[in-house]
Amino acid sequence: MPTFAQPGQSDAVVSFASRYDNVIGGEYVAPTKGRYFENPSPVTGKTFCEVARSDADDVEKALDAAHAAAPAWGKTAPAERAVILNKIADRMEANLQVLAVAETWDNGKPVRESIAADIPLAIDHFRYFAGCLRAQEGSLSQIDEDTVAYHFHEPLGVVAQIIPWNFPILMAVWKLAPALAAGNAVILKPAEQTPASIMVWYDLVKDLLPPGVVNIVHGFGTEAGKPLASSNRIAKVAFTGETTTGRLIMQYASQNLIPVTLELGGKSPNIFFEDVLAEHDDYQDKALEGFTMFALNQGEVCTCPSRGLVQQSIFDDFLELAAIRTKAIRQGDPLDTETMIGAQASNDQLEKILSYLDIGKAEGARVVTGGERADLGGHLSGGYFVQPTIFQGTNNMRIFQEEIFGPVVSVTSFTDYDDAIKIANDTLYGLGAGVWSRDGNTAYRAGRDIQAGRVWTNCYHLYPAHAAFGGYKQSGIGRENHKMMLDHYQQTKNLLVSYSPKAMGFF
Amino acid sequence: MARAAVTPAAAELLVTLTANHGPLLLHQSGGCCDGSSPMCYPRGEFLVGDRDVLLGVLDAADGVPFYIGGQQYEYWAHTHLTIDVVPGRGGGFSLETPEGFRFLTRSRLFTDEESEALEAAGPPPRGAWSPEA
């Protein structure tokens with residue numbers, strides 16, 4: 001496969017507008033104050049479009065549009081909503097490369113990941129929730145011969161969704177698909193680091209959605225996110241991000257007595273028991289790839305396997321093989337389909353990763369490979385690239401305890417099963433984990449003993465719809481990626497009905 | 001012996017933000033995306049919990065209290081933190097992002113002498129700081 005042309009060049013598969021407004025009531029609406037912010041591509045560091053810098057007035061307009069649309073949308077037949085979700089999926093599939101290149105240009109991730117993972121998963125997500133919706137049933141309970149309790153699923157109404165920048169389209173779809181299936185109108189606030197690709201998506205599907213069902217308000221968290229999250233006109237807020245903002249969003253929600261779902265990241269252990277090296281075979285190869293998954297999406301994944309726990313008896317041999325695998329990661333132009341690792345999403349993200357490389361070294365961790373910023377030269381020399389890095393250290397170091405959100409794995413050893421579980425659970429977080437063993441009993445027990453919402457067992461970084469995803473401990477509240485999400489976006493209506501003509505006899 | 005400090009550039013930005021938004025606080029975040037970065041809010045906007053640790057009151061504007069979650073502190077206690085600022089785009093609801101900047105926490109290990117001094121001084125205060133106290 002070739003290198004895709006940069007957006008803006010004549011042979012590019014996608015071209016961005018020079019300016020993006022908000023989406024309100026099915027129209028593109030300029031921000032009230034007429035202000036815009038510049039949006040650079042992390043691939044080159046150069047601005048390629050400007051985006052609406054909204055504030056509370058724009059949020060109110062979006063709320064007006066959503067409230068106007070929500071009642072009719074919530075009463076559409078499930079079949080009708082499911083058809084729309086399926087049509088959105090079909091439209092995305094027909095434009096897969098357009099969306100994939102847009103995503104790569106906005107975020108910096110290698111296009112082979114956008115083509116093979118981000119966009120296909122997003123497409124499947126709409127189809128999954130179309131299917132879930134068709135299959136969803138209410139229930140009835142026979143209380144006695146003449147009394148029946150009916151349980152209906154009703155939408156919440158208007159919901160707010162605040163989207164992160166690491167998978168701008170996929171994370172938006174993880175939230176949009178269940179919310180729309182459940183019959184809600186949505187106000188989406190994309191991350192200000194990656195506001196453009198979702199507009200390419202919206203432009204492709206806008207004719208399929210009734211006006212006001214999906215509204216998109218751009219801007220900074222403090223100016224647009226806060227009035228949205230603290231509004232008393234939303235029935236729920238869903239947020240993916242970090243812990244302090246998560247606390248602030250819960251605080252706002254408490255003032256309005258509305259539910260939240262939060263996905264707040266982690267520091268996921270990836271545990272390799274000694275039998276992974278017992279044979280030099282496909283399984284060993286897969287396990288080593290599983291280790292190297294820390295570099296997927298430049299490490300900008302909430303479940304990045306950023307703590308490698310390797311059994312003492314194989315530690316040196318495993319680390320040597322892991323380093324070879326890591327050094328083979330091809331870093332380069334994200335638009336080249338051979339590139340395995342692209343650019344970090346923003347300058348401040350780059351700076352934060354570099355600050356962690358500093359503290360890792362200062363704490364005495366050994367740099368096994370990498371450890372520096374990468375200058376790829378040419379048109380990429382302004383890009384935000386970091387070498388894939390392996391540190392060797394101990395679990396009490398800062399690089400083992402905080403999410404770096406870069407292509408950095410911190411490796412330590414464990415003596416036996418109990419030691420592995422103790423180290424794995426010695427963290428504030430509990431989003432993801434990996435367990436690698438040829439012994440199914442060991443793998444099963446480890447999976448149950450690790451305090452995390454998702455334990456990949458003899459695999460890593462798979463995100464299929466129909467496998468629930470979410471955090472234990474400080475990693476969040478609620479689940480995504482599963483039909484149970486419909487419950488997160490619906491409320492239960494109980495009709496308690498008497499079919500008896502007789503009075504109860506109290507009065 | 002201070003647990004936290006502020007660079008001149010970050011202090012200058014805190015002065016500007018204080019002029020625009022009133023008294024401020026900083027809270028060290030953790031976790032995903034913009035985690036591991038400090039968040040800057042108008043004081044009173046963010047509810048400081050009884051278990052939040054006051055790392056210090058930064059010498060900027062009229063003093064900017066800098067907190068970290070109590071559990072997170074346990075893992076960070078051996079490091080000195082300096083609030084710096086870099087060009088950046090976005091980060092939660094933090095106040096500086098529309099200005100085109102992002103606060104950044106830089107870290108270094110405490111020296112043995114500093115660790116002894118901190119030990120002698122006892123555990124850091126928890127809960128909300130007030131300028132009158």
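I took helices and strands as DSSP runs, numbered from the N terminus, a helix having at least four residues and a strand at least two. The model is a predicted one.

**A:Gln349**

Is A:Gln349 buried or exposed? Its relative accessible area is 2%, and the cut-off for buried is under 20%, so A:Gln349 counts as buried. I then listed its contacts, leaving aside neighbours within four places in sequence. Within chain A they are A:Trp165, A:Glu300, A:Gln344, A:Ile404, A:Phe405 and A:Gly406. The list also holds a residue of chain B, B:Cys33.

**Chain A with chain B**

That entry sent me to the contact between the two chains. I noted 50 residues from chain A and 46 residues from chain B in it. Chain A and chain B bury about 3900 Å² between them, and 56% of this is on carbon and sulfur atoms.

Next I checked helix H7 of chain A, residues 221-229. The buried ones are A:Gly221, A:Thr222, A:Glu223, A:Ala224, A:Gly225, A:Pro227, A:Leu228 and A:Ala229. I also looked up what covers them. The cover includes two helices of chain A, H1 (56-75) and H8 (243-256). Strands E8 (158-162), E9 (185-189) and E11 (236-240) of chain A are also among the cover.

**Chain A as a whole**

I counted 15 helices and 25 strands in chain A. Its radius of gyration is 24 Å, close to the 23 Å that the globule rule gives for 507 residues, so chain A is as compact as a globular protein of that length. Along the principal axes, its C-alpha atoms fill a box of roughly 80 × 60 × 40 Å.

Of the 507 residues in chain A, 62% are buried. I looked at contacts between residues at least 6 apart in sequence, and 73% of them join residues at least 24 apart. The accessible surface of chain A is about 18500 Å², with 51% of it belonging to carbon and sulfur atoms.

My last entry is on charge. Chain A has 42 positive and 59 negative side chains. The centres of these two sets lie 4 Å apart.

Terms used
Residues numbered from 1 in each chain as written. Chains lettered and ligands numbered in written order. Predicted model: local features only at pLDDT ≥ 70, side-chain atom pairs only at ≥ 80, totals over all residues. Heavy atoms only, no water. Rg over C-alpha atoms; globule rule 2.2 N^0.38 Å. Buried < 20%, exposed > 50% of the residue type's maximum accessible area, 1.4 Å probe, protein only. Contact = heavy atoms within 4.5 Å. Areas by Shrake-Rupley, 256 points an atom, 1.4 Å probe, with all protein chains shown as cover. Lys, Arg positive; Asp, Glu negative; His and termini not counted. Charge placed at Lys NZ, Arg CZ, Asp CG, Glu CD. Buried area = accessible area lost by both parts, 1.4 Å probe.
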